[in-house]
Amino acid sequence: MPIIRHHAALRALVAVRGHPFDRSGFDVMFQAMDGVSATMVDQPAAALLMNPEGMRDFDVLVLYDMPGLDFEAAEPPVFVDPPAPLQAGFRALLEQGKGVVALHHALAAWPTWAEYHEWLGGSSSIARPWCATPRAR
């Protein structure tokens, strides 16, 4: 288990979960970066920190998650809308100037949230507005 780098020049909150990946290998990548402290937080808990208060001790938000898709539905994936507090908090982070890095699967997250994809500068085919997948909630 890595140590907590209290004096790192860059402190990153890394949001994960929603797709299979090599968690240990992904963490090793961050641990190998000099001057970087990375804290991985699984969704849905990560969403609770995506606001100015939750991110106050972090310099950047790294997204390697894929929330907003229900793969346990009868005919997956079914789209799930992002909670209103997450939408407001994420918007406030960006207005505050907090850095956000979206990696790979994160572009498929929150397919019903068009503004999210505008902010990230892209989306996957599953997250484009013309997808006709029904919403779960």
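Mentor: Let's begin at Ser 37, which is found in strand β2; strands here are DSSP runs of E with at least two residues, helices are runs of H or I with at least four, and both are numbered from the N terminus. Keep in mind that this is a predicted model: local features need pLDDT of at least 70, side-chain atom pairs count only at pLDDT 80 or more, and totals for chains, interfaces and linings use all residues. Residues are numbered from 1 along each chain as its sequence is written, and side-chain values use heavy atoms, with hydrogens and water left out.

Ser 37 counts as buried because its relative accessibility is 11% (buried is under 20% relative accessible area, exposed over 50%, partly exposed in between, with a 1.4 Å probe and protein chains only). Who surrounds it? Setting aside neighbours within four places in sequence, Ser 37 is in contact with Arg 5, Ala 8, Leu 10, Arg 11 and Ala 12, where contact means heavy atoms within 4.5 Å.

Step along to Ala 38, which also has its place in strand β2. Ala 38 is at 17% relative accessibility, so it counts as buried. Leaving out residues up to four places away in sequence, Ala 38 touches Ala 12, Val 14, Phe 30 and Gln 31.

Four strands make an open sheet in the order β2-β1-β3-β6, with parallel pairing; two strands pair if DSSP finds at least two bridges between them. β2 (36-42) is an edge strand, as is β6 (99-102), and each pairs on one side only. On average, neighbouring strands of this sheet are turned by 20° against each other, direction ignored (axes are lines fitted to C-alpha atoms, for helices over the stretch in contact, and angles run from 0 to 180 degrees between N-to-C directions). Over at the β6 end, strand β3 (residues 60-65) pairs with β6 in the parallel sense over four bridges, and Leu 61 stands opposite Val 100 in β6.

What lies across our strand? Helix α1 (residues 23-31) lies across β1 (10-17), β2 and β3, and runs at about 155° to β2.

That brings us to some empty space. Rolling a probe the size of a water molecule over the atoms shows where empty space is left. The second largest pocket has a volume of about 190 Å³. On a 1 Å grid over the protein atoms alone, a pocket is an open set of points where a 1.4 Å probe fits, with protein on both sides within 12 Å along at least five of seven lines, and lining residues have an atom within 4 Å of a point. Points are joined across faces, edges and corners, and the volume is the space filled by probe spheres set on them. Twelve residues line this second largest pocket, and the closest to its centre are Pro 2, Ile 3, Ile 4, Ala 38 and Thr 39. The elements giving two or more residues to its lining are α1 and β2, and β2 gives the most, with five residues.
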